[in-house]
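Work through the exercises below with the sequence and the structure at hand. Try each task before reading its solution.

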Amino acid sequence: MSPPGIQGPRGATIWAKLAYRVYLATMRGESMLWVSVRRRLLDVMLGRRHRQLNIFPNVYIENYEGLRIGDHVSINRDTNISAGGGLTIGDYVAIGHATSILTGNHGFADPDVPIKYQPVTQAPVVIGPNVWVGAKVTILPGVSIAEGTVLAAGAVLTQSVRDPDTIVGGVPARRLKSRLG
């Protein structure tokens, strides 16, 4: 947890901002020592002590101020997290390598403006407890994932998964079956 400190923009303390800079510098560390260091840095950044939070190498977090992570969470290597629109990750969540979780999206409605310069819209993502996010999954803004869901490797989630204990997969992702039989 961060020591008491001066609040900066968006409510982040100076300690949290410093922890984020150190986090970026330690992203590539491979050993379990580095995993432990990143856990402690996230404790400071997010303002709470996490139990069994494992952040493996090359997990890039953008806009950490919008991120909430539960306990017993693992985020595997080469994952991109954009939390500017708000991202909640529940307890007992496993996120596979090379996953992208996005809370912002470019507009493209105005044909007179290059897409790159059109407004970005934000929408929160909520990943419920006890979810397994397979390798190379993409979760788009505004998606909520129900408790006990399994997201098959390579799935692209464009819509929420409302039924708990569901296996979804594909591009775009769709319900495949219940994980309970």
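A residue is called buried under 20% relative accessible area, exposed over 50%, and partly exposed in between (1.4 Å probe, protein chains only). This is a predicted model, in which local features need pLDDT of at least 70, side-chain atom pairs count only at pLDDT 80 or more, and totals for chains, interfaces and linings use all residues. Residues are numbered from 1 along each chain as its sequence is written, and side-chain values use heavy atoms, with hydrogens and water left out.

**Exercise 1. Confidence**

Find the mean pLDDT of the chain, and the stretch where pLDDT stays under 50.

Step 1. pLDDT is the predictor's confidence in each residue, from 0 to 100. Its mean over the chain is 93, and 93% of the residues reach 70 or more.

Step 2. The stretch under 50 is residues 1-9. For these residues the model has 20 contacts (heavy atoms within 4.5 Å) beyond four places in sequence.

**Exercise 2. The length of helix H2**

Check whether the span of helix H2 agrees with its number of residues.

Step 1. Helices (H or I, at least four residues) and strands (E, at least two) are DSSP runs, numbered from the N terminus. H2 covers residues 32-46, which is 15 residues.

Step 2. The expected span of a helix is 1.5 Å times one less than its number of residues. For H2 this gives 21 Å.

Step 3. The end C-alpha atoms of H2 are 21 Å apart, so the two values agree.

Step 4. After H2 comes Gly47, with a positive phi near 75°.

**Exercise 3. The buried side of H2**

Name some buried residues of H2 and state what the buried residues pack against.

Step 1. Among the buried residues of H2 are Val35, Leu41, Leu42 and Asp43.

Step 2. The buried residues of H2 pack against H1, strand E1 (54-55), strand E2 (60-62) and strand E3 (67-69).

**Exercise 4. A salt bridge within a helix**

Which residue forms a salt bridge with Arg40?

Step 1. A salt bridge is a side-chain nitrogen of Lys or Arg within 4 Å of a carboxyl oxygen of Asp or Glu. The whole structure has 4 salt bridges.

Step 2. The partner of Arg40 is Asp43, with the closest N and O atoms 2.6 Å apart.

Step 3. Both residues lie in H2, 3 residues apart, about one turn of the helix. An α-helix has 3.6 residues a turn, so residues three or four places apart point the same way.

Step 4. Arg40 is partly exposed, at 37% relative accessible area, whereas Asp43 is buried, at 1%.

**Exercise 5. Salt bridges between loops and segments**

Describe the salt bridge of Arg48 with Asp71, then the one of Asp165 with Arg179.

Step 1. In the pair Arg48 and Asp71, the closest N and O atoms are 3.0 Å apart. The pair links distant parts of the chain, 23 residues apart: Arg48 is in the loop between H2 and E1, and Asp71 is in the loop between E3 and strand E4 (74-75).

Step 2. Arg48 is partly exposed, with a relative accessible area of 30%, and Asp71 is buried, with 11%.

Step 3. Asp165 and Arg179 meet at 3.1 Å, N to O. Asp165 lies in the loop between strand E16 (156-157) and strand E17 (166-169) and Arg179 in the segment after strand E18 (174-178), so the pair ties together parts 14 residues apart in sequence.

Step 4. Arg179 is partly exposed, with a relative accessible area of 36%.
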